[in-house]
Amino acid sequence: RAPDPNNSPVFVAIVAMAGCQSPSDKKTYRVVLDRQADGSPLGLIIAQHPRVDGLVISAVMESEAIREWNEAHPDKPVQRGLALLEINEVSDSQGMVHECCNAPSLNMLVSQQLTPEQTLAFRKGLRKHLLSQAVDQIIEIPESCGGLCAICHEDMATDEALPTSVAKIPCGHCFHRSCVTKWLVSGSQRCPLCNRAVHLDISTED
């Protein structure tokens with residue numbers, strides 16, 4: 001099974017995007033984020049295309065590192081809609097994702113100016129993030145649930161050490177949380193078993 005994106009330092013949304021701006025653009029600046037000692041997530045949610053260099057910040061979650069940076073550098077904020085041109089002197093997409101997930105400190109070159117393709121990537125990445133949040137709002141944690149997950153066909157016995165690994169959607173059917181989140185966000189917004197529609201309330205305001 002794929003890891004639950006809610007437990008990952010960085011959630012990567014795979015969406016279409018194009019190339020990045022030149023680092024000499026006047027709308028580019030440097031941002032340095034230091035990971036907290038407790039290993040808490042940095043709060044960056046990024047959109048990436050596997051065949052094109054460059055990332056876009058599609059959403060920003062609350063984190064101590066981002067709060068401290070934004071308070072100290074109000075003219076260079078970490079915010080959604082920024083293109084990531086370079087992280088720790090790495091400029092290829094996969095390398096930057098690796099740095100985001102593993103480096104203790106991120107020295108990032110960002111740009112406020114997006115190409116039309118990057119703007120589309122940002123909007124798609126933001127929509128996926130909002131859908132994921134909407135899924136969190138409608139699922140419940142069942143008291144007990146056994147059998148196989150109908151999505152991945154693996155055992156779904158509730159693990160006492162990971163009580164949130166299984167989720168129940170409004171129709172009453174249970175699945176692995178990571179499986180049903182991916183199903184509803186990236187695929188069909190219907191139950192895989194009974195085909196009942198699952199309503200996800202999202203807002204994609206600018």
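Ala121 is buried, with a relative accessibility of 0%; buried means under 20% relative accessible area, exposed over 50%, and partly exposed in between (1.4 Å probe, protein chains only). This residue lies in helix H3 (residues 116-138). The model is predicted: local features need pLDDT of at least 70 and side-chain atom pairs count only at pLDDT 80 or more, while totals for chains, interfaces and linings use all residues. Residues are numbered from 1 along each chain as its sequence is written, and side-chain values use heavy atoms, with hydrogens and water left out.

- Ala121 and Ile46 stand 75 residues apart in sequence, and their C-alpha atoms are 9.6 Å apart in space.
- Helices (H or I, at least four residues) and strands (E, at least two) are DSSP runs, numbered from the N terminus.

**Nonpolar cores**

- A nonpolar core is a set of buried Ala, Val, Leu, Ile, Met, Phe, Trp, Tyr and Cys residues joined through side-chain atoms within 4.5 Å.
- The largest such core has 22 residues, and those with the most contacts inside it are Val31, Leu33, Leu44, Ile46, Leu84, Leu106 and Met108.
- Two or more residues of this core come from each of S2, S3, S4, H1, strand S5 (83-87), helix H2 (93-102) and strand S6 (105-111).
- A second, separate core holds 19 residues, among them Cys145, Cys149, Cys174 and Cys191.
- In soluble globular proteins, nonpolar side chains tend to be buried together.

**Helix H1**

- In helix H1 (residues 64-72), the buried residues are Ala65, Ile66 and Trp69.
- These residues are on the same side of H1, because they cover an arc of only 95° around the axis; the arc is that of the directions from the helix axis to the C-beta atoms.
- The buried residues of H1 pack against strand S2 (28-34), strand S3 (44-48) and strand S4 (55-60), where contact means heavy atoms within 4.5 Å.

**Salt bridges**

- The structure holds five salt bridges, a salt bridge being a side-chain nitrogen of Lys or Arg within 4 Å of a carboxyl oxygen of Asp or Glu.
- One of them joins Arg30 and Glu86, whose closest N and O atoms are 3.0 Å apart.
- Arg30 lies in strand S2 and Glu86 in strand S5, so this pair ties together parts that are 56 residues apart in sequence.
- Arg30 is partly exposed at 36% relative accessible area, whereas Glu86 is buried at 18%.
- Glu64, Arg67 and Glu71 are linked in a network of salt bridges.
- Glu64 is partly exposed at 34% and Arg67 is partly exposed at 38%, while Glu71 is exposed at 56%.

**Cysteines**

- A search of the whole structure finds zero disulfides, a disulfide being a pair of cysteine sulfur atoms within 2.5 Å.
- Cys101 is in no disulfide, and the nearest cysteine sulfur, that of Cys100, is 6.5 Å away.
- The sulfur of Cys152 lies 3.8 Å from its closest cysteine sulfur, in Cys179, which is too far for a bond.
- Cys101 is partly exposed at 30% relative accessibility, and Cys152 is partly exposed at 23%.
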